[in-house]
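Thanks for coming, everyone. Please look at the screen, and I will walk you through the model.

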Amino acid sequence: MNLAIFILFGLLCLGGALNLLLQRHPINSALSLIVVMSSLSVLYLLLGAEFLAAAQIIVYSGAIMVLFVFVIMLLNAGEEERTHGSQVAYLAGIPGALALFTVLASTFFTLRNSFGNARLGAFVATTSDLSRVLFRNLLLPFEVTSVLILVAIMGAVVLARKEH
Amino acid sequence: MNDAVNTSIISVAPALRLLPEIVMTLTGVLVMLLEAVLKPKTSRKPLGILAILGTLAALGASLYQLHLPAGTAFFGTVQSDAFSVFFHLVIGGIVLVTLLISLDYFEGHTNNVGEFYALILFGATGMMLMASSVELLMVFISLEISSISTYILAGYRKRSATSPEASIKYFLLGSFATAFFLYGIALCFGATGSTNIYDIAKGVAGGASPLLLTVAFGMMLIGLGFKVSLAPFHVWTPDVYEGAPAPVVGLMSTAPKAAAFAVLLRITYGAYGTATHIWMPLVWILAVLSMTIGNLGALTQRNVKRMLAYSSIAHAGYLLVAFTALAPMGIAAASFYTAAYAAMNVGAFGIISYLSGYNEARTNLSDYAGAARRHPVAAAAFAVFLISLIGIPFTAGFFGKFYVFTAAIDSGHAWLAVVGLLNSGVAAFYYLRLLGQMYMLPEEPAREPDTAHARPSFVLGMAILVLAVFVLGIFPGRALRLARAGAATFADRSVPPSSPAIAQLQTKQ
């Protein structure tokens, strides 16, 4: 049963990701991204991380994607123009990606017996567990993220502002 | 959490462990807020001076940290010790000089000067945090702070076509690299059950799956390799360095790299300290590739900024040679080399920013013909930096290379040192070609009026760097002692250190 769900949503996730790349209209790509995000949240559920799955749906599939779609609508972005891509991308990129995939796949395949099973609630899963990690053990990274966001906002202002 | 034990023995307020970062952040926020208060179209120089004062205060705070007992804070996420202080001083020094160089650079060319200072300060906060993090998630967040601010700084000359191009290229490849690094962290967590350097070290020593550890290290190495432009992850470097404003290139070719090398040192000698067989072959290969590809690439360049971009790839390779040495010596050699490289590279790009002007109309090799006659002082300073980049005695570059190659030979990697020395020979050719252009060739009739005249702040910045190049080359003792004290903090890999950093410094004397 678990395997069936995994295969179904794993394929859905991959299909969505590929479709995202192949679509020529930004809005179609954005909609495929929603498919990717939602099927990922099902995979999180399978791993026993129900809070993460819910957050994935609410934050990514919900809030962030709405923002994406709004921006695409506001910019009135049309169809992309296709180029043939660079030679380097084909000569180095595709073999590189394949090599990486092979390495990762063979690693997980070799180690598959030493990986255990996960049940719902087996790990840091409840909101109180999560907040203990977030506001105690990892308090500093959490706080420093505010600097990161500040830098990003300021960068957006700087790059978007017109020179006069 | 081993932090609990630590804080019970010696009580240091956690904020003191982060003092330089806090000073930098507060100055950054202050600059940002004052920028909004100042009237538009007035000079932003006071903000620059405020940023410089803030950086000086952060440097002072780093030196103060030497008197604290080394140890961790915030639940074992950051650690202040001689190692972090060394890199804080390097990063702070680079930022200080960059601010001095660019105090007049953007004035009148863009209306985002205030934000420029704030972005540099925030970026420096990220880099300093990278140097003091002993928790990979913390490293990740600070790496992002440092990267995002440099992506934006690279695109600051918005009116030119090349600067935004540099920014977007840097952004795309940088995000790609970050993804690799994050995947590596995830795999490392999978192998050892922790993202803390000390806990990973315990896991590595205590029989975590070597295969998974190797793949995890490979991923992290690819991510950091992109950031420090090691071959074969260097393709973005020449384009980005060509397009970005020269003072920014000086900053981003040194400070984020110093921080990334600090992280790499913590991962290799700290977390993977008992598993050198995993990372040493990988590092060996990357060192040879970077040195060779960097130097051969530089030979064919006609643009001085592109040439120095390839040279920075080669220098990342020399630095990596130090990683093949055994623990205390390799760490000290690598740390010292980052400082030496920073002094000469920031200087070289500073002079380029002066000679080529804001619009960078004169960045080709032929534009430097006869520069010694037009700008004798600037050419002399440039000559010092180039001589140091070649590695001629009495300069920082010589001593850095000497120390790195000695460390490699002492640890039985004589062949790597031979490859490095051969490469230094090749490198001498293109540096000398530029020197020859400046000193031997007659002045070309100026195609456009050369309006460059040096401001006091620029002269001060360059003077600091020339001095640094000679001090590190002739009297390296003090810097070397600090680098060695930093290396000594790696001695026990499974427990955070707790003896005062200054004591380690004094025992080495």
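One term to start: helices (H or I, at least four residues) and strands (E, at least two) are DSSP runs, numbered from the N terminus. With that in hand, go to Pro232(B). Pro232(B) sits in the loop between helix 10 and helix 11 (236–243) of chain B. The peptide bond leading from Ala231(B) into Pro232(B) is cis, with omega near 5°. Most peptide bonds are trans, and most residues other than glycine have a negative phi.

Some housekeeping. This is a predicted model: local features need pLDDT of at least 70, side-chain atom pairs count only at pLDDT 80 or more, and totals for chains, interfaces and linings use all residues. Residues are numbered from 1 along each chain as its sequence is written, while chains are lettered from A and ligands numbered from 1 in the order in which they are written.

How far can we trust it? pLDDT is the predictor's confidence in each residue, from 0 to 100. Chain B averages 89, and 93% of the residues score at least 70. In chain B, helix 5 (residues 82–101) has the highest confidence, at a mean of 96, and helix 1 (residues 3–9) the lowest, at 45. Residues 1–8 of chain B have a pLDDT below 50, and this stretch has 13 contacts in the model beyond near neighbours in sequence. Contact here means that two C-beta atoms, placed from the backbone, lie within 7 Å. Where pLDDT is low, the predicted coordinates should not be read in detail.

Chain A averages a pLDDT of 86, with 93% of the residues at 70 or above. Its confidence is lowest in helix 5 (residues 127–137) of chain A, at a mean of 84, and highest in helix 6 (residues 139–160) of chain A, at 93. For the model, ipTM is 0.90 and pTM is 0.92.

Now the overall build of chain B. Chain B has 23 helices and two strands. Its C-alpha atoms fill a box of roughly 70 × 55 × 45 Å along the principal axes. Of its 509 residues, 61% are buried. Buried means 20 or more other C-beta atoms within 10 Å of the residue's own; exposed means 12 or fewer; partly exposed is in between, with C-beta atoms placed from the backbone. Contacts in chain B with a separation of 6 or more are 80% between residues 24 or more positions apart.

Next, the interface. How many residues of chain B are in contact with chain A? The count is 31, against 26 residues of chain A. Helix 3 (19–37), helix 6 (113–132), helix 7 (136–154) and helix 10 (210–227) of chain B each give two or more residues to that side of chain B. Helix 7 of chain B gives the most, with nine residues. By type, the side of chain B that touches chain A has 17 nonpolar, ten polar and four charged residues.

Lys41(B) is not a glycine, yet has a positive phi of about 65°. Lys41(B) is in the loop between helix 3 and helix 4 (45–65) of chain B. Ser229(B) is not a glycine either, and its phi is positive, about 50°. Ser229(B) is in the loop between helix 10 and helix 11 of chain B. Which of the two is buried? Ser229(B) is buried, with 27 other C-beta atoms within 10 Å. Lys41(B) is exposed, with 8.

Then helix 9 (residues 197–205) of chain B. Seven of its nine residues are buried, so this helix is mostly covered. Among those buried are Tyr198(B) and Asp199(B). The buried residues of helix 9 pack against helix 8 (162–192), helix 10 and helix 13 (255–271) of chain B. Just after helix 9, Gly207(B) takes a positive phi of about 80°.

Last stop, Asn303(B). Asn303(B) is in the loop between helix 14 (276–299) and helix 15 (304–323) of chain B. Leaving out residues up to four places away in sequence, Asn303(B) touches Glu242(B), Thr363(B) and Asn364(B). Asn303(B) and Asp367(B) are 64 residues apart in sequence but 9.4 Å apart in space, C-alpha to C-alpha.

Technical notes
Ala, Val, Leu, Ile, Met, Phe, Trp, Tyr, Cys and Pro count as nonpolar, Asp, Glu, Lys and Arg as charged, and the others, Gly among them, as polar.
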